[in-house]
Amino acid sequence: MPPENEKNCARREFLRTGLQGAALVGLGALAGRLVTPSASQKTVWQIDPAKCIQCERCAVNCVLKPSAVKCVHAFKLCGYCRPCFGFFQPDYNALNAGAENQLCPTGAIERSFVEDPYYQYVINEPLCIGCSKCVKGCTAFGNGSLHLQVRHDRCVNCNECSIAVSCPSNAFVRVPASQPYLIKGKEHA
Amino acid sequence: MKSKLLALGSWLLAVGLACTVPAGLCQAAEQFPPPDFTSSGYQIPQPTTPPARADFYELLDSLVLAAALGLATYLIYRRRSRRGVFWLMLFSVAYFGFWRKGCVCPIGAIQNVAEAGFGSGLVLPVVVTVFFFLPLVLALFFGRTYCSAVCPHGALQDAILAKPVTVPPWLSHALGLLAYFYLGLAVLFAVTGSAYIICEYDPFVALFRRCGSAGLLSISAFFVLLAVFVGRPYCRFLCPYGAILRILSQLSRWRVKIYPDRCINCHLCDESCPYGAIHKTTPLEQASPRVAGKGRILAFAALVPLLVLLGGWFGSRLAGPLSHMDSTVRLADRIRLEESKPEVGRPSGSPGDPEDRPTEEMSDRSKAFRRTGQAFEELYADAAAVYSRFKAGSWWFGAWVGLVVGLKLLSLALPRRYSEYEADRSLCVACARCFAYCPGEKGLLDPNLKAKIAP
């Protein structure tokens with residue numbers, strides 16, 4: 001190899017090492033700036049029930065089928081209404097759990113007798129598709145104890161939640177992973 | 001029968017009432033206090049709250065990433081084993097792909113880092129930081145080890161590549177620029193807080209989750225089919241993280257090498273490389289003297305700042321259409337449109353009451369906005385703020401496009417001579433195919449063969 005070429009190689013190597021060092025320092029500085037101990041908490045997606053307008057998009061826009069959003073019953077708020085507005089069709093035939101009386105398209109709400117005249121309504125989560133039909137009824141005419149929540153045993157916590165993108169009322173928010181629910185009637189759960 | 005009618009009547013009445021009362025009011029009040037369950041001793045149950053994925057698993061992901069990167073480096077540089085790399089690829093597809101469902105990944109993390117870096121107040125979890133920076137730092141030492149066998153996207157495409165067609169160099173150079181443009185666009189949308197387009201249009205995540213929207217699934221199917229015939233189409237032509245790695249691996253301390261002392265110019269490595277990343281030796285008659293290209297190089301170097309300015313100017317013209325990616329801007333436009341329309345069927349006494357307008361004129365988004373009771377001016381101000389960010393951002397995006405194109409032209413003008421078969425620093429994804437094909441690599445050749453056949 002001629003000496004001039006060798007010199008070129010050495011110069012190139014020097015330049016490369018210099019740039020490499022600069023890139024390392026730059027990456028380190030950026031990483032150092034971004035990670036602060038106070039800001040290291042992981043976040044997850046959740047629905048703010050106060051903003052939800054029950055548009056039914058949660059049922060179709062989740063990357064999971066069926067959706068990771070399910071109905072949650074905040075029993076403490078429940079008024080135990082005699083015709084439960086989340087359970088019964090507006091034009092029900094009778095106040096019983098017959099399929100034609102039920103509002104839920106998948107029959108995911110289980111009605112069980114408590115004491116006369118009260119019934120308890122429990123969401124059967126594997127059946128719930130998060131369509132918010134019951135939430136709409138309960139919110140409009142009852143206490144609003146039925147509401148939608150992202151269920152974290154199902155949610156894959158996408159970097160950008162695809163329901164959040166389509167949510168018309170900006171009800172999807174990032175919450176700390178240590179307090180991942182916004183259950184109605186509680187600060188956090 | 002009578003009670004049923006009564007119930008229906010009360011329902012209809014309630015519907016009518018609810019239509020006139022804003023929903024916000026209904027939500028706040030607890031209309032029916034819960035009864036006392038005295039006779040049955042019924043305890044009011046608690047809703048279940050299954051916890052989010054524990055932090056421990058996040059840590060585990062980071063550790064698995066570090067271990068996989070280390071193993072990939074060892075397999076490529078020490079063992080020089082395509083078989084080992086291939087098994088690691090399968091592991092990565094299984095773990096980071098199908099098990100972790102493709103999230104979190106460094107490609108998408110670009111957006112989080114960009115958004116957090118420009119001071120939006122976005123919280124950047126440790127795991128995202130690790131996933132974004134670790135492969136970059138490693139690239140400064142060992143090149144694109146992450147791409148080789150750790151990235152589930154790359155590994156998947158590499159593993160299913162059955163019948164590679166050669167992409168002509170001009171096309172490959174041109175398409176390779178798309179990745180830089182995509183990177184610029186993704187950063188622009190992330191910084192303005194509008195969208196995470198990398199995640200939204202990710203080609204393989206629907207496959208890893210085995211469900212998704214029709215659009216995502218068809219993108220997946222398209223890329224999977226393409227990857228059977230074209231080597232790593234996403235990595236080479238679109239991946240924005242690959243674009244960053246291409247730049248950084250130019251500076252890498254070590255790189256994949258075809259041992260010159262064992263090379264007998266048999267072409268096998270070059271032919272085995274499906275990514276066109278191996279430079280052939282330059283024939284002597286083509287090795288033009290340096291002086292001839294100097295004028296051309298200077299001309300292209302002068303062109304770079306010109307292209308940057310031109311790109312910036314052109315980019316800033318695009319601020320309007322680009323800003324429509326942002327939902328606030330879209331909503332503001334929608335509200336403006338609705339406000340400018342003549343109001344149909346709206347009683348004079350209820351200004352701004354959303355329920356009295358014909359529904360087809362209102363999107364869910366504008367309806368939801370009207371329910372919040374927020375002032376229109378506030379929304380318009382928000383949208384204007386977003387737009388001004390887009391105005392600045394799209395100038396930079398255009399300038400970035402100009403810079404990329406300019407530098408590409410300049411680099412193409414630079415004369416390159418290769419006296420031996422050499423893997424390109426930025427294009428080589430260290431898939432280790434050439435190792436498997438090289439006869440010298442396996443010790444199949446007489447160590448003195450090269451000396452014998454050399455003239």
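Asp270(B) is buried in this predicted model, with a relative accessible area of 14%, and its side chain meets that of Lys280(B) in a salt bridge with an N to O distance of 3.3 Å.

**Other salt bridges**

- Across all chains, a search of the whole structure finds 15 salt bridges.
- In chain A, the side chains of Arg151(A) and Glu125(A) form one of them, at 2.7 Å from N to O, and because Arg151(A) lies in the loop between β5 (146-150) and α4 (162-166) while Glu125(A) lies in the loop between β4 (118-123) and α3 (133-141), the pair ties together parts that are 26 residues apart in sequence.
- Arg151(A) is buried, with a relative accessible area of 1%, and Glu125(A) also counts as buried, at 19%.
- In chain B, Asp333(B) and Arg336(B) meet in a salt bridge of 3.4 Å, N to O, and both lie in helix α18 (residues 327-340), 3 residues apart, which is about one turn of the helix.
- Asp333(B) is partly exposed at 30% relative accessibility, as is Arg336(B), with a relative accessible area of 41%.
- Arg53(B), Glu58(B), Asp61(B) and Arg100(B) are joined into one network by salt bridges that share partners.

**Domains of chain A**

- The domain assignment divides chain A into domain 1 (1-36) and domain 2 (43-188), and the centres of these domains, taken over C-alpha atoms, are separated by 56 Å.

Notes:
Residues are numbered from 1 along each chain as its sequence is written. Chains are lettered from A and ligands numbered from 1 in the order in which they are written. This is a predicted model: local features need pLDDT of at least 70, side-chain atom pairs count only at pLDDT 80 or more; totals for chains, interfaces and linings use all residues. Side-chain values use heavy atoms; hydrogens and water are left out. Domain bounds come from an automatic or database domain assignment. A salt bridge is a side-chain nitrogen of Lys or Arg within 4 Å of a carboxyl oxygen of Asp or Glu. Helices (H or I, at least four residues) and strands (E, at least two) are DSSP runs, numbered from the N terminus. Buried means under 20% relative accessible area, exposed over 50%, partly exposed in between (1.4 Å probe, protein chains only).
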